[in-house]
Structure formats: structure tokens, C-alpha cells
Amino acid sequence: MADNPEHELEQRRRLLDVASRFPLPNDGGGGAGCRFSYGTAGFRADGATMPPAVCRAGILAAFRSLKLAGAAVGIVITASHNPVGDNGVKIADPDGGMMAQHWESFADALANAPDPDALLQLVLQFAKDEGIPLGSHHTAQVLLGRDTRPTGEYLLDAALQGINAIVGAHAIDMGILTTPQLHWMVRSKNKGVKASESAYFTQLINSFRHMLELVPKDKSGDELANKLIVDGANGIGGVKLEQIKAELSGLDILVRNSGKEGEGILNHMCGADFVQKERVTPHGFSPEDVGVRCASLDGDADRLVYFRVSSASDNKVDLVDGDKILSLFALFIREQLDIINDGSKVNKPLPAKLGIVQTAYANGASTQFLKDLGLEVVFTPTGVKYLHKKALEYDIGIYFEANGHGTVVFSENFISQLESLSKELSSQDDNGSAQYHAVMRLMAASQLINQAVGDALSGLLFVEAILQYRGWSFQNWCELYSDLPSRQLKVKVIDRSSIVTTNAETKVSQPSSLQELIDKETVNYSHGRCFVRPSGTEDVVRVYAEASTQVEADSLAKSVAQHVGRLLG
């Protein structure tokens, strides 16, 4: 495991030392204290209880880098859309995506190891099982970022101590960042390109400018079409958008809830999660904003939704959620592919497998809209890690959850084909053709969108570029399709694990009688659709129902919830 016994002894000493400095909260109180569980959000809890978990996440990240021959791994300290008192930590793999799922059980065990000796034995055994060269000459590198939460600085120090407990590990503090920026930097560093914040901003600004240069001249909108009010959730995204908005020519951005001192509280009555769930205006918006296109980021800027203040008489909004953002992206990309393949100068079509990835929570109207376009739509279980993995199977994979988290991924093979085609068309003096412009739009899009993870800033700029390209108003976008009314309910149960789902969580396999009951209820409703799934975090079963009217959706959800309660309560 180690090059020599001295290195191994040093490694053991460091691990015991750091574990002693960060005992579990309430440890020694007869088993009291919280239990950490690593999921899609990493570890997340009240910020005051997080130092031991964050320290151990530092050990984990350094370990992960060692396993992957020293490739850069990332740590971001954030609790995303949670209240300001919470905090969390998650790990980014070398491709900028989420940590490999099969490491989550080790993450759980490490975070909950009850004492230094137990932690040491766990690490040594895992290193042996995985063939990880602990205490050797091998090096590990971990990039760190955090959001603006008051507990962030202290937790960053805990992460640094965890990383430094691994012999040969090197930590690089990238500063206060959005979560997607940190993921982008990890991906960039491992691709051998500049991995700084300035490089991130330059790529966004230049690719956005390039996309606007490719907008047909007859599509320029009026002044209102270029005006955008952004709710920054009093988080890091608002801060970063303020830094670059002056360089985004063709777009007049006003940031509210920007994170400035005294403007408001992080994620409180504002942010993408609040707007998407409550369907009301965030703090800081007023009847004077009626008719203006608005967008909302969440606290760490990995979610994006759009909205419009509907009337001066109440605080209701017209919402454009992740489903409709996905539909806009799909429409644009499909159109560019059609232009390329219909071009007269192409010797052979550009073979591009375009895939749309959704979960069962996607509104049925969006799925139908995408299928009517002739697009391939596939489903995965709920969770970004499943969506992203599936999207990677395509030349171009697009995924979004209704909550506004999603992105577009382009395969390297497809990008190289685009580059070859652009050179071919240039050599034929055909760089003024519609086909050439479509190629350049897709290349610019692949630079603009953050392919590592959902990114509210890059997603927002991609939306704005497409709206200008199409000459669309917010109303045009809203009218792509009408959402089917839906209802979500939670049913408290004794044991949520007694429900087993299949077909990307759309069907229940156990208990076998439940799916029959759901089917019998659903058939009574026009456009009826209903599924149930166990919560990942609490002993409840989630019920989701859709129908042609809100009354019917409510009725279907209630009926199915009653069946769940009778069978499992």
C-alpha cells in the first residue's frame, strides 16, 4: 500500500490526528447525534453540525483523486436552495460531474465513523480493497469552492484539514464561487485548459456574443425584449452576474436580490426553488414589473426558472420551469441539425443522435410536445446523477428537471464532426450559408452551456440567445404548450422501503396490488397519469398526479394517496 513503512506510519498518524480534531457532533452521548447520508446533494445539514462531515469529505476527495491517478477532484461547500443556516458539501469527479455513485456508501461510512480508530481502519481497508496507494509518492489534487453562507469559511478550513491529512494531497482554494463554476473548473483542469474564474467568464461572454452575431438580422426585438430582471436569491449567482452583466452586449440585465449587504436573506422568499414551488413573485418584485421577462436563480446558481409578473393586482406569476427550458433548447438544437442536414453542400448527413432525458415528474404536456417533434424521449429515476449519465449516451443529450436543474451535453466525437464540417464549408467559400451558420451556432452553444452540470448563468445566456435568434417574446415561449394541471402529495408510512418501483419510478412492482389500484383510478380521468415513489430522505411516499383539470388532478392524487395509506400506513 505504501512505498515504505515510514510513509505508512505518517499516513496513519495524520488520519488519527484529524479525526480527533473533528469528532462527530454529540458523540459519546449514548449514540446521540445526527447521521450523515451522501446523496444527490452530498452531505447537507445545519451548518453548525457540518465540520466533521466536511473534514471527512476532504479525506474522501483526496482519496478519490489518488484512486484516479492524481486527476483533479472538486469540493464545493454549499447547501444550494436551503435556508442560510444550513450548509453542505459535495464532491465533483474529474469530468466535472457528480462523484461516482458506487463511492457513496464509503462516503456514508467515512462520515459516520464513530471514533478516530474506526475511521483509520475504514480508510485502510477501503484503500486495500480499491488498490489505492496511500502514503506513497503519488499525489492528489483537490479544487475547493464555497458559496456566501456565513459558515462557509470555517467549513472550508475543515475541508482543507481533511485533504491535508492524506499524504501527497494538494488543495487549491478557488474562492467564493457558484457550484457550477467549481464543476466547470474541475472539468477544465483535467482537460488541460485554463481553470480560472476569468477563463469561465471569458468563455461565457465570448460564446454568448458569438451566438448573438449569428442571429438573423430580421429578428432583432424591441427594447422590452432585451430587458431581463434576474432574482439572484441573495446568493452567489447574483454577485457573479453583477460582475459580468456590463459585458453582455444585447442584453439589459437588472439584478434584484443580488447578495448585497442588507438586500435580503439567502433563499428567503426568493430564488428558483421558491418561485417554482410557490408560483408567486419573489421578494423585491412589484406590480411595476408586469410584462417584463424575469428569471430566478437559486442560492448557488445551479437552478434556473423564468417567470413573468401576471398582473398588478396580485403576486401570481406565469412560470416557465425546467420542462419548458428543455423544450426551448431541444427546438433550437433540432432546428440547427435540420438546417445542416438539409444543406445542399453536404456530401453526407451529419449523423447526430439527439436524446431528451426526463424523469416521471416532467409534465406530461412537455413530454408530448417533444415526442410530437419526433424527438427521442427517455426516462430515468429522479436525480441529476441518473439524468446526466443517460444524456452522455447521445451525440447531444438534453436533460432538465422541472425545478430548473439541467444542461446539454455534446459528445467529443460530435464536436469534432462539427469542426470538420465548418472547415469543409469554409474551404468551399460557403461560410455565408445557412448551413455554415447552423454549424457555428451549435459550436457556440457547446461553449456557452456548462456541460459539467446544471448552471443557471450559462443556461440563462443560452435561453436569451435562443429567444433573440427566434425573435420570440416571453408569451411566444409560454405558448409552446400548456402544462397539464398536477398535484403532489406526501403520505406518511411506517416503512418507505416496502414500496419498490420500476420503469424509471413510473410503476410500482411491490406491493403488487398497489399498481392495479393506481391504474384503476387513473383510467377515470382525461389525460390522467399518476405514480408513487418512496422519498429518499424521510418515511413518506410521494404521490404525483396529472389530469386535464386541477380539480381532477387533486382528486386523482387524493384517491391514490388513500390507497397508499391503507396499504402501508
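**Figure 1. Exposure of K277 and its salt bridge with D273 in helix 9.** The side chains of D273 and K277 meet in a salt bridge at 2.8 Å, N to O, the term standing for a side-chain nitrogen of Lys or Arg within 4 Å of a carboxyl oxygen of Asp or Glu. D273 and K277 are 4 residues apart in helix 9 (residues 272-278), and therefore about one helical turn separates them; helices (H or I, at least four residues) and strands (E, at least two) are DSSP runs numbered from the N terminus.

**Figure 2. The salt bridge between R12 and E8 in helix 1.** The closest N and O atoms of R12 and E8 are 3.4 Å apart, and both residues belong to helix 1 (residues 5-21), where they stand 4 residues apart, about one turn of the helix. R12 counts as partly exposed at 29% relative accessibility, and E8 is likewise partly exposed, with a relative accessible area of 23%.

**Figure 3. The salt bridge between E104 and K385.** The side chains of E104 and K385 meet at 3.1 Å, N to O. Because E104 lies in helix 3 (residues 104-112) and K385 in helix 12 (residues 384-391), the pair ties together parts that are 281 residues apart in sequence. E104 counts as buried at 11% relative accessibility, and K385 is also buried, with a relative accessible area of 18%.

**Figure 4. The domains of the chain and the salt-bridge total.** The chain is divided into domain 1 (5-193), domain 2 (226-320), domain 3 (323-479) and domain 4 (486-568), with bounds that come from an automatic or database domain assignment. The C-alpha centres of domain 1 and domain 4 lie 37 Å apart. A search of the whole structure finds 26 salt bridges.

**Notes to all views.** Residues are numbered from 1 along each chain as its sequence is written, and side-chain values use heavy atoms, with hydrogens and water left out. As the model is predicted, local features need pLDDT of at least 70 and side-chain atom pairs count only at pLDDT 80 or more, while totals for chains, interfaces and linings use all residues.

Terms used: Buried means under 20% relative accessible area, exposed over 50%, partly exposed in between (1.4 Å probe, protein chains only).
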